[in-house]
Amino acid sequence: MNNLQKNKLFDKSFQLLGMVFTLFGVLILVVLIYKIMAAGYHRLNWDFLTSLPSRIPEKAGIYTAIIGTLDLMILTIIFAIPIGVGAGIYLEEYSKKSKLASLLEINIANLAGVPSIIYGLLGLGIFVRFFGFGGSILSGALTLSLLILPILIVATREAIKAVPSSLKEASFALGASKWQTIQKVILPSSFGGILTGIILALSRAIGETAPLIVVGAMAYVPFVPHSVFDPFSVLPMQIFTWTTRPQEGFAIAASAAIIVLLVITFIMNGIAVYFRNKWQSKWK
């Protein structure tokens, strides 16, 4: 058997092994979702969605957690997306190549893999204590914005790199300026990749618990927040709290809350994928 045949055999074996692991992972995911659905679907009703938290499992609801989650995601989008996308555009199109720029790029890529608890400690030191925002929605949103910024920056840069250089050169040849080329050629062509990065970043943010615990997210909030400086709770925090309680009713409520969280995540991803595909088809 020559080297070429050995390489083909190795590639086929590797692909087969990858398919086995993928199927195994999908099977585990299906089993987990089935168990969660079986445990919590009968708890899902209008009262569960519109009731305040309670120390009685049968009366406990997730209204404040849902509102807190939506408020947190809206603020995170407002803070993170313009800064992350803008930084990605600057680093890829305007920043001069130097040792400092290379060091900055490496650090941004490394920050994407930093444990989320570190961002929680950073948010605690800066937003909660230094700026005095306390354990508010604003502190949580700013902390999550820091968490997903590296993901947004890296995704934006990679999407811009994927744009063919011939499109840029054609734009410059027609007399377009740098900003006109970015606005009319680069961003429309790379929007699908940028939106994919936004989807991944927000999907990570919506499921985070550790940094929010550190900055002061509350397990029990018997009121709906009315401003960005009010205390808050989120669905992951509510689920974490209920799973630590000994009563079986709270475990059932946690399963129902997980279903709601999955639905919210799927809806967010579905909306983003729809707009991404619509935009891509527009520019084909």
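The following legends describe close-up views of a predicted model.

Local features in this model need pLDDT of at least 70 and side-chain atom pairs count only at pLDDT 80 or more, whereas totals for chains, interfaces and linings use all residues. Residues are numbered from 1 along each chain as its sequence is written, and side-chain values use heavy atoms, with hydrogens and water left out.

**Figure 1. Overview of the helices of the protein.** The protein has 11 helices and zero strands; helices (H or I, at least four residues) and strands (E, at least two) are DSSP runs, numbered from the N terminus. Read from the N terminus, the order of elements is α-α-α-α-α-α-α-α-α-α-α. Along the principal axes, the C-alpha atoms fill a box of roughly 70 × 60 × 35 Å. Of the 284 residues, 39% are buried, where buried means under 20% relative accessible area, exposed over 50% and partly exposed in between (1.4 Å probe, protein chains only). Among contacts with a separation of 6 or more, 73% join residues 24 or more positions apart; contact means heavy atoms within 4.5 Å.

**Figure 2. Packing of helix H3 against helix H8.** Helix H3 (residues 63-94) and helix H8 (residues 178-206) pack at an angle of about 140°, and their axes are 10 Å apart. Axes are lines fitted to C-alpha atoms, for helices over the stretch in contact, and angles run from 0 to 180 degrees between N-to-C directions. H3 and H8 are therefore oblique to each other; angles under 35 degrees count as roughly parallel, over 145 as roughly antiparallel, 65 to 115 as roughly perpendicular and the rest as oblique. The crossing of H3 past H8 is right-handed. A crossing is left-handed if the near helix is turned anticlockwise from the far one by less than a right angle, and right-handed if clockwise. On the H3 side, the contact is made by Thr69, Met73, Ile77, Ile81, Val85, Ile89, Glu93 and Tyr94. The H8 residues in this contact include Trp179, Ile186, Ile194 and Ile206. By class, the residues of the contact comprise 15 nonpolar, one polar and two charged. Ala, Val, Leu, Ile, Met, Phe, Trp, Tyr, Cys and Pro count as nonpolar, Asp, Glu, Lys and Arg as charged, and the others, Gly among them, as polar.

**Figure 3. Helix H6 with helices H3 and H4.** H3 and H6 pack at about 35°, with axes 6 Å apart, and H3 passes H6 in a right-handed crossing. The residues of this contact divide into 21 nonpolar, six polar and five charged. The axes of helix H4 (residues 99-111) and H6 come within 8 Å and cross at roughly 120°. That angle makes H4 oblique to H6. H4 passes H6 in a left-handed crossing. Glu105, Ile108, Ala109 and Leu111 of H4 meet Pro150, Ile153, Val154 and Arg157 of H6. Six nonpolar, no polar and two charged residues form the contact of H4 with H6.

Figure 4. Thr156 counts as buried because its relative accessibility is 2%. Leaving aside neighbours within four places in sequence, Thr156 is in contact with Gly84, Val85, Gly88, Ile89 and Ile194. Thr156 and Ile194 are 38 residues apart in sequence, yet 5.0 Å apart in space, C-alpha to C-alpha.

**Figure 5. The largest nonpolar core.** This core has 53 residues; a nonpolar core is a set of buried Ala, Val, Leu, Ile, Met, Phe, Trp, Tyr and Cys residues joined through side-chain atoms within 4.5 Å. The residues with the most contacts inside the core are Ile62, Leu72, Ile148, Leu212, Leu235 and Trp242. Two or more residues come from each of H3, helix H5 (116-130), helix H6 (137-161), H8, helix H9 (210-215), helix H10 (235-243) and helix H11 (248-282). H8 gives the most, with 10 residues. Not counting residues up to four places away in sequence, Leu235 touches Ile62, Ala65, Ile66, Thr69, Ala257, Val260, Leu261 and Ile264.

**Figure 6. Leu124 in helix H5 and Gly25 in helix H1.** Leu124 counts as buried, at 17% relative accessibility. Beyond residues up to four places away in sequence, Leu124 touches Arg129, Val214 and Val215. Gly25 belongs to helix H1 (residues 3-40) and is partly exposed, with a relative accessible area of 35%. The C-alpha atoms of Gly25 and Ile160, 135 residues apart along the chain, are separated by 32 Å.
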